[in-house]
Amino acid sequence: MIAVITFTDPRPTALSAEREKALMEKHVRLVEELRKAGFEVFDINDELRKYGAINEGRNFGIDSMEEAMEAGRLIAGKGASGIIAGLWHWTESNLVTAMAREAKRPLLLYADDDLAWAGTTCVTSVGASLWESAVNEYALNHVRLKGDVEKVKAWARAVEAVDKLSKKSILLWGAPYTLGMEHLMDDLPRLKRIVGDFIMLDQYVLVKKADKMLSDEHLRVRVEEFYNWLTEKTTVKFDDLMLTPEALRRQIALYLAAKESWKEHGEISAVSIKCQPELSEIYGVTACLIPALFPFNLDAEGGKEVVPATCEGDIKGTISSALLFYLSGKPPLFGDIKYVDDDIVMIANCGASSLYYARLSENPEENLRATTVQGQCQGASGGALTYRTPRAAFTVARLIRKGGEYRLLYFLAEGVEITEEMESKLKWGRQWPHTAIKNPLDKEGFISAMGANHLSLVPGDYTEELRFVARLWGVKAVNLEDRAEVKGVLGV
């Protein structure tokens, strides 16, 4: 929910019906634009019964300390994600300061480019006063925009995403660090500034549930129904070594166990499965259906919620995926940086990524038809889910840490078709899902800038939103398309 509030000049001698009508029109236009874009808007001026004020000889805009403080209390009580303050014409800065002090929410100061009114004067005066007073972090780190409603929407998407992440937990089955990768370890108390909580369960929770499903005659019906659905909707290539019918059933049981575990833990923004080596080697099958189907809107049991999912207990990767999901509403893809040259970056997760990327279709059946399940190249047994992502524009993001300081890497990527020539050169992990994008740097620059071997992405351009997110989190954003920025922030 985004709160929208318009202020005005409180001086009695400045009362102008023409001005107040103009402010009301601008306020209403902004509210309508936001609602049209899908935002839930908390209209403070409406809440304070200001729409009839002009006819009563009063101001439409907030014009007193009492109203400003009441507005702040209303915003705080409603739990709004952020506040857009309409500063279309002059107001006294301390009114906005009082509102910001009470509300304690991210704040955007906005005016349009109408030369008829003193919006620019107001934004700069109020902004300077918020810096001077610094009544809270939101006042100190407010954003100022002028005449760009699309950028306002980007800011609103950013604050909504940040708010959702801050109120939900990340669920990890199996704690890092996986396969000795130190970058999967993290400062969890510090990360609670941006994530609600971390729920860490041993993978034995899933093993126990899966074994019960497979051994109980009545519970196994659920596995068999899922098996029939998967073999009908996708192309399944069984073999005598890795992908046997029984291995696939065990993978299905692990996925269903994960679904049950996820449902037991309330508001979860994303999940991660460690998998290696406890599941892949010791239990005997990879957990590939979890990263394939959690971030997908359909399985054998019907339509379902999309839940971002990653592998190997990658906490920063899980946060990156959840962030992209909340910004876009699209299932995020997560995978390894498998290959880089001066032209392309190849992303291929070790067995599965969201099946949405098989065709990028809003019809899940089309994505399933484009998916092949075939024997893994690692682990004791199990199937990988194979596809090649079609070309599209993608926003790529990755939260990293260097020397104890977090950074948010991002760039807008152009998808590349995986040609027959490229396909012929694939050997290790050929059965994995592959996505190719243009390299924003060169091979040396790219690998030097990477703070992980995993990336997350979604279709569309959300780079503006990511810059706002970094500002809200208090971390530096690094656009990999900007070589000077890469060098300046990362020193590479």
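Strand β6 (residues 169–173) runs parallel to β7, and 5 bridges join the two. Strands here are DSSP runs of E, at least two residues long, and helices are runs of H or I, at least four, numbered from the N terminus. Two strands count as paired if DSSP finds at least two bridges between them. Trp173 has Leu201 of β7 as its bridge partner.

This is a predicted model: local features need pLDDT of at least 70, side-chain atom pairs count only at pLDDT 80 or more, and totals for chains, interfaces and linings use all residues. Residues are numbered from 1 along each chain as its sequence is written, and side-chain values use heavy atoms, with hydrogens and water left out.

Both strands belong to an open sheet of 4 strands, ordered β7-β6-β9-β12 with parallel pairing. Its edges are β7 (197–201) and β12 (309–311), each pairing on one side only. Helix α11 (residues 245–263) packs on the sheet and touches β6, β7 and β9 (268–273). Contact means heavy atoms within 4.5 Å.

The largest nonpolar core has 131 residues. Such a core is a set of buried Ala, Val, Leu, Ile, Met, Phe, Trp, Tyr and Cys residues joined through side-chain atoms within 4.5 Å. Buried means under 20% relative accessible area, exposed over 50%, and partly exposed in between (1.4 Å probe, protein chains only). Ile84, Trp173, Phe294 and Trp473 have the most contacts inside this core. Helix α11 gives the most to it, with 10 residues. Beyond four places in sequence, Phe294 touches residues including Trp173, Tyr255 and Val271.

Glu66 sits in helix α3 (residues 65–78). Glu66 counts as exposed because its relative accessibility is 59%.

Definitions and conventions: Axes fitted to C-alpha atoms, helices over the stretch in contact; angles between N-to-C directions.
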